[in-house]
Amino acid sequence: EHIGDAGAAAMAAALRTAILHPRSTYDDNNPYGGDDGSTIKKTTTLLFPVLEHLNLSACNVGDAGVEALALAIRDNKGCLLGLDLSGNKIGDDGVMALAEALIDASVSSKHNNKGKKGDKNDTTTGAETAETPVTKNTLIVKEMENLDLSGNHGVGNDGATAIASAFEKGKIKDLVLRSCSVQADGAAAFGKAIISLAEMIRKSSDDNEEAEDIGAEYLVPTYNIDLSGNLFGTVRIEKKKKGFNKHAEKLLKSKASAKVASQMNFLGRKIQSGLKDAGLDVSPFMEGFAPSAESDDDEEELMRMAGGIAETEDDARAGAARSSAPRCGARSFADPIVDFDLDGKKDKGDQKKRKILIRCRVGMRRCSLDAGAADALAAAVLHARDYWRGDFTFYTSMNSA
């Protein structure tokens with residue numbers, strides 16, 4: 001908890017200048033000719049991250065610390081494979097900076113050592129001749145795959161929308177946003193992001209016809225989004241009785257006195273009315289029975305207060321979510337998926353079985369989902385399977401549906 005923004009910034013400075021590890025190099029032993037008749041040899045170098053995983057969970061990191069880490073990710077692409085920032089004090093500003101860095105990340109210039117023409121490290125494409133073989137070195141960088149931002153209650157729709165834009169470009173494969181403050185608009189952004197991602201994968205698949213025919217399950221790109229604990233559903237959470245609070249006894253006594261006074265006022269008015277009808281004016285003797293302002297509504301309000309019905313943190317977050325976003329997040333997530341039709345026709349049983357385009361696992365546990373939300377998610381599963389080769393799994397336990 002003492003790391004804070006300063007510690008995160010120090011780590012970011014080291015990651016920003018670190019050199020990635022070139023663990024593997026593949027050479028093409030059959031040089032091919034260029035358009036100008038030159039001989040070109042291809043090599044591919046795999047660069048692995050400085051850190052496989054950086055865990056900064058519950059370290060009192062705020063937006064300033066995340067922005068420093070974002071600079072490292074942007075300027076030294078691939079320096080991290082996984083980042084855990086759960087349980088911190090991060091808000092939308094920090095997440096937006098992180099998303100922008102993931103999108104704009106570039107390979108550090110220190111990894112592109114350009115030699116002279118014909119040098120084995122040369123990555124230039126100058127005017128070569130057939131007598132001067134040139135080696136073209138392709139760098140493949142393992143980018144960030146896992147990002148955990150759960151438990152940061154300051155992350156709402158703006159942050160979710162920003163990180164969804166990075167997700168739709170394939171910059172993250174496993175994203176965790178559990179127990180944040182994501183509402184319907186943020187959930188809808190992820191539904192749209194998956195559609196854009198599917199279109200990008202489809203285009204890449206069309207460019208490589210061999211991949212289209214392989215159909216092996218392990219080749220299907222798989223993406224995970226966990227939105228559990230974001231109360232973007234429409235089910236009203238029942239208040240949890242915590243017992244009488246320290247003021248309950250006093251409130252009950254006060255209410256008892258008020259109730260007796262109300263009853264006495266009623267009886268007093270009845271007696272006074274009856275005696276007046278009989279010709280006796282007793283109003284001077286009834287001065288102590290002033291009409292009470294108590295009502296049934298007042299009684300219910302006081303009993304609610306006296307009952308010790310305390311709002312939990314989840315109740316407060318649910319109330320805040322509903323006040324600003326009455327739409328259901330699950331329906332908002334499912335709508336773009338159901339409206340999308342990649343292939344233009346349903347995949348009937350008599351057609352040739354097609355390769356699954358994308359596999360998505362989405363967590364929506366404890367999101368206050370009702371039966372209508374479950375129906376919407378079920379429709380998304382069927383439509384994605386039948387119309388655009390999407391394989392969806394939704395995890396919806398701990399909901400009323």
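Colleague: Which residues of helix H1 are buried?
Modeller: Start with the terms. Helices (H or I, at least four residues) and strands (E, at least two) are DSSP runs, numbered from the N terminus. Buried means under 20% relative accessible area, exposed over 50%, and partly exposed in between, with a 1.4 Å probe and protein chains only. In H1, the buried residues are Gly 4, Ala 8, Ala 12 and Leu 15.

Colleague: What pLDDT must side-chain atom pairs have to count?
Modeller: Residues are numbered from 1 along each chain as its sequence is written, and side-chain values use heavy atoms, without hydrogens or water. This is a predicted model, where totals for chains, interfaces and linings use all residues, local features need pLDDT of at least 70, and side-chain atom pairs count only at pLDDT 80 or more.

Colleague: What angle do H2 and H3 make when they pack?
Modeller: H3 spans residues 92-104. Axes are lines fitted to C-alpha atoms, over the stretch in contact for helices, and angles run from 0 to 180 degrees between N-to-C directions. The axes of H2 and H3 are 8 Å apart. H2 and H3 are roughly parallel (under 35 degrees; over 145 is roughly antiparallel, 65 to 115 roughly perpendicular, the rest oblique), and their angle is about 0 degrees.

Colleague: Which residues of H4 make the contact with H3?
Modeller: H3 and H4 pack at about 10 degrees, with axes 8 Å apart. That makes H3 roughly parallel to H4. Contact means heavy atoms within 4.5 Å. H3 brings Asp 92, Val 95, Met 96, Ala 99, Leu 102 and Ile 103, and H4 brings Asp 158, Gly 159, Ala 162, Ile 163, Ser 165 and Ala 166.

Colleague: How many of the 11 residues of H4 are buried?
Modeller: H4 covers residues 157-167. Its buried residues include Asn 157, Ile 163 and Phe 167. H4 is largely enclosed by the rest of the structure, because the number buried is eight.

Colleague: Which class of aromatic pair do Phe 340 and Trp 388 form?
Modeller: Rings of Phe, Tyr and Trp (its six-membered ring) pair if their centres lie within 6.5 Å; planes under 30 degrees apart count as stacked, over 60 as edge-to-face and the rest as tilted. The whole structure has six aromatic pairs. For Phe 340 and Trp 388, the centres are 5.4 Å apart and the planes meet at 70 degrees, so the pair is edge-to-face.

Colleague: How many residues apart are Phe 340 and Trp 388?
Modeller: Phe 340 lies in the loop between helix H10 (329-339) and strand S12 (358-363). Trp 388 lies in the loop between helix H11 (371-387) and strand S13 (390-395). Both Phe 340 and Trp 388 are buried. The pair links distant parts of the chain, with a separation in residues of 48.

Colleague: Which residues form the aromatic cluster?
Modeller: Trp 388 also pairs with Phe 392, edge-to-face, at 5.8 Å centre to centre and 80 degrees between the planes. Trp 388 and Phe 392 are both buried. The one cluster holds Phe 333, Phe 340, Trp 388, Phe 392 and Phe 394.

Colleague: What is the relative accessibility of Ala 58?
Modeller: Ala 58 is in the loop between S4 and H2. Its phi is positive, about 50 degrees, although Ala 58 is not a glycine. Ala 58 counts as partly exposed because its relative accessibility is 48%.
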